[in-house]
Amino acid sequence: MEVMDATTLPARLAETREDFLALGIPDRLQLLLEFSNELPSLPERYADHPDLLERVEECQSPVFMFVELVDGRVHLHATAPAEAPTTRGFASILAQGLDGLTADEVLEIPDDYPQSLGLSEAVSPLRVRGMTAMLGRAKRQLRERLTAA
Amino acid sequence: MPAEFDSAAKFAEYAHPERLVSTDWLAEHLGQPGLVVVESDEDVLLYETGHIPGAVKIDWHTELNDPVVRDYVSSEQFAALLGSKGIARDSTVVIYGDKNNWWAAYALWVFTLFGHEDVRLLDGGRDLWIAEGRALTTDAPAVTPVEYPVVERDDSAVRAFKEDVLAHFGNPLVDVRSPEEYSGERTTAPAYPEEGALRAGHIPTAASVPWARAAAADGTFKSREELDAIYRGEVGLDDGDDIIAYCRIGERSSHTWFVLSHLLGFENVRNYDGSWTEWGSAVRVPIVTGAERGEIPAR
């Protein structure tokens with residue numbers, strides 16, 4: 001989607017988009033699977049505190065996520081079961097793409113970024129909505145952290 | 001030539017035992033000429049993480065639905081799809097998938113619209129196959145494309161439209177969604193995304209039987225006796241009944257359609273695939289909220 005201003009898109013997310021769009025439809029699925037496999041496990045401090053994680057209701061599979069702001073830098077942690085590789089892939093794209101950004105940079109990510117990855121044909125628009133919901137929740141949690149700070 | 005039927009004692013109790021195969025049967029028959037194994041899951045990537053050796057994938061959303069019109073693929077699209085998967089008109093197709101074969105049953109129902117004769121489900125689906133420690137692979141299957149004929153899709157026998165449901169009052173309806181959706185507390189399954197129904201509740205007179213009640217803890221279908229107790233005993237369905245099942249978009253009700261048609265032998269069962277996402281947004285159709293079935297609406 002050319003309407004999105006590339007200059008405001010953080011480098012990692014822009015690169016991810018270029019990578020997806022450079023591929024044919026079947027290979028986009030494979031790349032999403034690679035992201036899925038790369039989703040890191042939760043840090044110990046969250047593994048012991050499931051209460052800190054928020055469930056993303058809009059996703060078909062159970063996915064829990066938590067945004068933290070440490071020394072002005074954003075980190076997104078997420079967990080989803082192995083039986084939900086698509087959801088894990090979405091979470092992984094965001095976890096990698098948001099990591100280390102400032103709060104302002106995250107809040108400026110266009111809400112329709114997930115629709116710009118060329119995944120609608122590969123996984124269907126309905127499923128991509130799950131990723132849009134995750135991005136929305138990440139931003140909302142971040143705003144809550146900023147207000148609380 | 002169809003593959004031999006699974007003669008398991010459990011299946012012999014069902015009305016159409018030829019519609020199911022066990023994991024034992026499939027393990028023995030894998031690779032047999034004329035047999036094509038198809039995985040169909042809710043998650044579009046699950047197949048890629050590991051599948052039954054030789055199985056091909058069919059995705060309900062990107063391959064069985066028309067991308068523009070809310071409908072299933074055309075005869076030409078279906079023929080091209082099946083041919084590309086190495087499925088011939090006389091192939092024995094065994095479908096399996098995640099979540100108690102939820103999406104596998106949906107794919108089987110779509111195959112039925114096109115009159116594919118020999119299509120069966122793997123009892124217990126993907127989860128049972130894995131739980132039993134059977135072989136999985138990430139290797140892409142070697143598929144030789146074949147010619148699948150262009151056959152007319154026949155929506156009359158197993159598919160119901162909104163107009164059919166409006167004309168159906170007085171005959172049994174089965175709502176297979178969650179109790180929360182049935183009563184009108186919510187429009188989507190708990191923990192599922194909003195798929196755009198404007199009103200909540202159920203179609204008047206529909207009995208509530210959440211689809212997964214037909215599955216045992218290991219994902220296999222419950223026994224004939226247990227299923228009869230639910231659908232004949234509890235709901236009151238009778239031989240000769242004209243039955244319509246529905247859910248939210250017609251996938252969960254495909255599972256119930258399979259149970260009623262193939263396991264219990266009801267001969268007139270249709271799946272209303274428009275389901276709640278159509279009914280709950282349609283203008284001036286009757287809706288009942290709460291746990292009671294409600295009365296037949298006045299015309």
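Reader: How many salt bridges does a search of the whole structure find over all chains?

Author: Side chains of opposite charge can pair when their charged atoms come close. A salt bridge here is a side-chain nitrogen of Lys or Arg within 4 Å of a carboxyl oxygen of Asp or Glu. The search finds 25 of them over all chains. This is a predicted model, in which local features need pLDDT of at least 70 and side-chain atom pairs count only at pLDDT 80 or more, while totals for chains, interfaces and linings use all residues. Side-chain values use heavy atoms, without hydrogens and water; residues are numbered from 1 along each chain as its sequence is written, and chains are lettered from A and ligands numbered from 1 in the order in which they are written.

Reader: With which residue does Glu39(B) form a salt bridge?

Author: The partner of Glu39(B) is Arg126(B), with the closest N and O atoms 2.7 Å apart. Glu39(B) belongs to strand β2 of chain B and Arg126(B) to helix α6 (residues 125–131) of chain B, so the pair ties together parts 87 residues apart in sequence. Helices (H or I, at least four residues) and strands (E, at least two) are DSSP runs, numbered from the N terminus.

Reader: Are Glu39(B) and Arg126(B) buried or exposed?

Author: Both residues are buried. Buried means under 20% relative accessible area, exposed over 50%, and partly exposed in between (1.4 Å probe, protein chains only).

Reader: What is the case for Glu42(B) and Lys99(B)?

Author: These two form a salt bridge whose closest N and O atoms are 3.1 Å apart. Glu42(B) is in the loop between β2 and β3 of chain B, and Lys99(B) in the loop between β4 (92–96) and α5 (102–113) of chain B, so parts 57 residues apart in sequence are tied together. Glu42(B) is buried at 4% relative accessible area, whereas Lys99(B), at 28%, counts as partly exposed.

Reader: How should I read the sheet of chain B, and which strands stand at its edges?

Author: Strands of a sheet pair through backbone hydrogen bonds, either parallel or antiparallel. Two strands pair if DSSP finds at least two bridges between them. In chain B an open sheet of 5 strands has the order β1-β5-β4-β2-β3, with parallel pairing. Strands β1 (20–21) and β3 (56–57) of chain B are at the edges, each with a single partner strand, so one side of each has no neighbour in the sheet. Strand β2 (residues 35–39) of chain B is joined to β3(B) by 2 bridges, and Val38(B) stands opposite Val56(B) in β3(B).
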